[in-house]
Amino acid sequence: MDEDILTTLKILIIGESGVGKSSLLLRFTDDNFDPEQTLTIGVDFKTKKLSVDGNNVKLAIWDTAGQERFRTLTPSYYRDAQGAILVFDVSSYSTFAKLETWLNELDTYSTKNNIVKMIVGNKIDVDNREVTREQAMAFARRHQTLYIEASAKTKHGVQSAFEELVHKIIQTPGLWESYNSDNIHVNGNKNHADQSGCASYCSLT
Ligand SMILES: Nc1nc2c(ncn2[C@@H]2O[C@H](COP(=O)(O)OP(=O)(O)OP(=O)(O)O)[C@@H](O)[C@H]2O)c(=O)[nH]1
């Protein structure tokens with residue numbers, strides 16, 4: 001019910017075309033996968049309620065086009081977002097190499113300087129992996145982001161990616177507004193990243 005909702009969070013999904021952004025969103029919101037997922041033009045938008053550490057939050061998730069020619073109105077995608085999921089394809093080194101550019105775009109357009117960032121290495125179900133988990137973790141550590149490996153196809157890691165991101169956002173002071181601050185639980189689950197000794201990044205799967 002809406003009166004139970006602690007807050008609404010704006011989450012962005014960014015990354016190169018074809019890495020699986022729309023597929024991750026479809027898996028998360030509808031528990032579905034389309035092997036012939038069509039490319040995104042402009043921006044797609046879905047909402048989903050999620051309970052993390054006893055807090056019910058509503059996520060407004062913006063799935064942006066990876067292809068430059070379909071990216072219009074970029075600054076408005078980024079405005080007021082509390083979280084960003086940066087996706088690359090573990091079977092395509094060039095999509096990993098482009099993460100630096102996506103992080104720069106985030107720094108340029110993000111209006112909240114403590115926005116929580118999570119890198120997702122997607123398509124771990126494939127055989128021809130070009131980026132190792134260690135490479136990705138080292139990159140995440142260097143850029144102080146969370147890291148998780150996932151497959152929109154098999155579901156692996158998808159729910160955890162969104163849960164860990166929301167967990168970190170709720171724990172970040174000043175990043176979100178509470179309509180009912182008496183009901184916040186910030187120390188719910190011992191297994192979460194920053195309670196297990198991973199301060200700024202963590203491998204979660
Ligand atoms: N094997 C495998 N294929 C995937 C996975 N996730 C996505 N795909 C496929 O990869 C292709 C591209 O997926 P999309 O979700 O459209 O990628 P996107 O990042 O949203 O692409 P743009 O809309 O162009 O930015 C589709 O054929 C998907 O079915 C995955 O985890 N494993």
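With which residues is leucine 59 in contact, leaving aside its neighbours within four places in sequence? Contact being defined as heavy atoms within 4.5 Å, leucine 59 touches Leu9, Ile11, Phe28, Lys46, Thr47, Lys48, Leu50, Phe162 and Val166. The model is a predicted one, in which local features need pLDDT of at least 70 and side-chain atom pairs count only at pLDDT 80 or more, while totals for chains, interfaces and linings use all residues. Residues are numbered from 1 along each chain as its sequence is written, and side-chain values use heavy atoms, with hydrogens and water left out.

Leu59 and Phe162 have the most contacts inside the largest nonpolar core, which has 31 residues; such a core is a set of buried Ala, Val, Leu, Ile, Met, Phe, Trp, Tyr and Cys residues joined through side-chain atoms within 4.5 Å. The largest share of this core, 7 residues, is supplied by H6, a helix spanning residues 158-171 (helices, H or I, of at least four residues and strands, E, of at least two are DSSP runs, numbered from the N terminus). A second, separate core of 22 residues includes Ala81, Ala84, Leu106 and Tyr147.

In helix H4 (residues 99-109), Leu99, Trp102, Leu103, Glu105 and Leu106 are buried, that is, under 20% relative accessible area, whereas exposed means over 50% and partly exposed lies in between (1.4 Å probe, protein chains only). The exposed residues Asp107 and Thr108 are carried by the face of H4 turned away from its buried side.
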